[in-house]
Amino acid sequence: MSNKKLFNSLVFCISGTLSKGRKEVENEIKKYGGKTAASITKAVTHLITTEKEFEEETTKVSAAKEKEKIIVKEDFIWDSVKLGELQPATKYSFDNEDEEEEEEDDDDEADDGQDDLDFQPLAKKRKIDESEVVNIVKFTNFPLLDDLLFSIFKYVTIDELLLLSRVCKRFNDMITNENNESTITFLIQTMNNYIRSTRKVSEPYKFFSLLHDEQYSDNRPVDVPTEGEQQQEANVAVNISEDKLQRYSLNFEKFKEMVNRKSISVEKALQFYPNAKKEEFTSTLSLLESIKFRYAYDQNLLSSLRTAKITNGENFSHSFDEDNAGENNGPTFKGGLKKQLRLLKQHIESFDEINFGRYTEDSMDTPPKTYSNWIVKNSEILNNIKSIYYLDIDQSDAEVSWICIDDITPVLNAMPKLNFWMSKGSIQLALSANFSHHNLRSITFISAGLSEVFLRNLFTAYLPKLAHLELFLGTSNQGADFQPELLKEKLLSPKENGIFPSLEYLGLRNYESIDKICGDIFDSSISKRVKIIDISLGTLSDKGVSKFIDKLEGGLTTDFMGLEVLDMNRCYLSKSMRNRLLELPIIVDTQPADNEWDVQVNDEDDEDGDDMGDRYIAISE
């Protein structure tokens, strides 16, 4: 006779993909007197999960450990029901070495009694929780231990570095002590090893794909040319070489100087923002944090995050599975938007990134309230999400200038742990005055025209960790109603004003008046402390370059000693000016907008450079 009070007073939370659908498991628990909860609340007594979830220490597993909940395999439920009495939890714990390793069930959970769904994240990677150090590996203290460990881990990769700092407290203490010169030397070597392994002279065009999303750099060759062709093309447009990559590497002198410049910027920021705290800029001055960001940003661009794609799927006949993950633009889940969002909520721990796509037939008149309301409503479960691509709508469905995006403040406020933001569209795009976000590391706004109000609020936002700022400024015909003077006043001030002290990448892309601000860019304080300046996809001509090339030729060992890359892809430069730029001892891309473009600087052009001639920006519609 079954015991209907078997699970009486017990509250279960479920994490991961079990052998039966979530609804079926919950119904079984309730049938025998138990209760269920969607998250690890105070009332929860047990977490039912899989070995995979336990090993990766997902959000629920981490919370259960922290709150000292009982964590067991699902057989705890089935054996207790079968035998009619509650079984000892230790028999089903993940720490029981005598327990046979159970096979993971790859079937996804059923939704509302339907067949199990067939979905996979677009990509997977092992997650490392850097907030807590578990001292699994222990070392006894003895003289010269630090030097010994640094020698042992001389060629450690970035992911190995993060893992070591996670499992060995002594090692973590060593690499976070940046007052120690040996630590800085070790971290510099680690960074340079990573750069050499991911940036290669033989792949000049792939280099730039690790700087920003390449979807609008359509003038770069898609196929990798043969060695001879590659060298010939590289000499024409891109100057990547071993000595230029050496500049891209880091040394002790360069590191110290850039820290000094950023320290001055931090002090100004503390004066400008009344509620700013110095500890919020710790990552600004940390080499280890800079390494972590570069690695995380690369992983983001390489699509190594586990991504969920949500989009109006009427034109798609299937959802992703393991075999075709990442090979098409279809949704991760089957069904309409509401069902996709409901399933995403159920499986949220399986993802690091959400890609929100088409949401209606007409993206011009209707803001994406379905998405923004869902994010705000479910903010408590989105702490695991590190990256958002908001309105990744294909050009075949809507031009960039047609996409209505609305005020993004509530969305960003609902995700305080978000690191990467990319959005497309500018109709009704707004950001509240005095906006702040303490964890955003990268923001990209793809548009045909950003408004003055939006830019003013962005430039006064408090973003202490922002390292990557990428703005598609656009054209006055599509909403870019600001004057170039606004950029000089707020962003490109010659005097240090404390704006974005952590910034490493400054992207002022797709701008019709880029020639007018070129001088201001390289006169600005911010240009002296960033590593990458990107003025690509606009109408850049010889007139614009002439305003800064003398400064670079004479200042790359002084004012611009931290500058590593200058991206002018899709420019309108004469061959003589391109050749002059390619002689600079930094990595430069001068790929022309038109391979036949070979202008001669016309002295009769009007002084302000308003005569665009045949020049146009990459995204004007």
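These are my notebook entries on a predicted model of one protein chain.

**Ground rules**

I number residues from 1 along each chain as its sequence is written, and I use heavy atoms for side-chain values, leaving out hydrogens and water. Because the model is predicted, local features need pLDDT of at least 70 and side-chain atom pairs count only at pLDDT 80 or more, while totals for chains, interfaces and linings use all residues.

**Entry 1: the whole chain**

I started with the secondary structure. The protein chain has 22 helices and 14 strands. Both are DSSP runs numbered from the N terminus: helices are H or I with at least four residues, strands are E with at least two.

How much of the chain is buried? Of its 621 residues, 55% count as buried. Buried means under 20% relative accessible area, exposed means over 50%, and partly exposed lies in between, with a 1.4 Å probe and protein chains only.

The accessible surface comes to about 28,500 Å². Carbon and sulfur atoms hold 46% of that surface. The areas come from the Shrake-Rupley method with a 1.4 Å probe, and for residues only the protein chains shown count as cover.

Then I turned to contacts, meaning heavy atoms within 4.5 Å.

**Entry 2**

Strand 8 covers residues 420-424, and five of its five residues are buried. In a regular strand the side chains alternate between the two faces of the sheet. I checked this strand: Phe420, Met422 and Lys424 point one way, and Trp421 and Ser423 point the other way.

Which strands pair with strand 8? Two strands pair if DSSP finds at least two bridges between them. Strand 7 (residues 387-390) pairs with strand 8 in the parallel sense over four bridges. Strand 9 (residues 442-446) also pairs with strand 8 in the parallel sense, over five bridges.

**Entry 2: helix 17**

I moved on to helix 17 (residues 452-459). Its buried residues are Phe454, Leu455, Asn457, Leu458 and Phe459. They pack against strand 9, strand 10 and helix 18 (484-490).

Strand 11 is largely enclosed by the rest of the structure, because seven of its seven residues are buried. Strand 10 (residues 468-474) pairs with strand 11 in the parallel sense over six bridges. Gly474 stands opposite Tyr511 in strand 11.

Most residues other than glycine have a negative phi. I noted two residues with a positive value. Asn510 has a phi of about 55°. Asn510 lies in strand 11 (residues 505-511) and is buried, at 0% relative accessible area. Leu537 has a phi near 70°. Leu537 sits in the loop between strand 12 (532-534) and helix 20 (542-545). Leu537 counts as buried because its relative accessibility is 0%.

**Entry 3: Gln340**

Gln340 is found in helix 14 (residues 337-346). Is Gln340 buried or exposed? Gln340 counts as buried, because its relative accessibility is 0%. Its side chain reaches the backbone oxygen of Gly335 at 2.8 Å.

**Entry 4: Lys528**

Lys528 lies in the loop between helix 19 (514-523) and strand 12. At 18% relative accessibility, Lys528 counts as buried. Not counting residues up to four places away in sequence, Lys528 touches Met258, Arg261, Phe522, Asp523, Asp559 and Phe560. I also checked Lys262, which is 266 residues from Lys528 along the chain. Their C-alpha atoms are separated by 9.8 Å.

The side chain of Lys528 reaches the backbone oxygen of Phe522 at 3.1 Å. A polar atom of that side chain lies 3.5 Å from the backbone oxygen of Asp523.

**Entry 5: the largest cavity**

How many cavities of 30 Å³ or more does the structure hold? The structure holds six. The largest cavity has a volume of about 180 Å³. Of the 16 residues that line it, the closest to its centre are Phe255, Met258, Lys262, Ser290 and Lys531. On a 1 Å grid over the protein atoms alone, a cavity is a set of points where a 1.4 Å probe fits but cannot get out, and lining residues have an atom within 4 Å of a point. Helix 12 (252-272) and helix 13 (287-301) each supply at least two lining residues. Helix 12 gives the most, with five.

Methods. Polar contact = N/O pair within 3.5 Å; in protein donor to acceptor, adjacent residues only side chain to side chain. 1 Å grid on protein atoms, 1.4 Å probe; cavity = no way out; pocket = protein on both sides within 12 Å on 5 of 7 lines; lining within 4 Å. Points joined across faces, edges and corners; volume = space filled by probe spheres on them.
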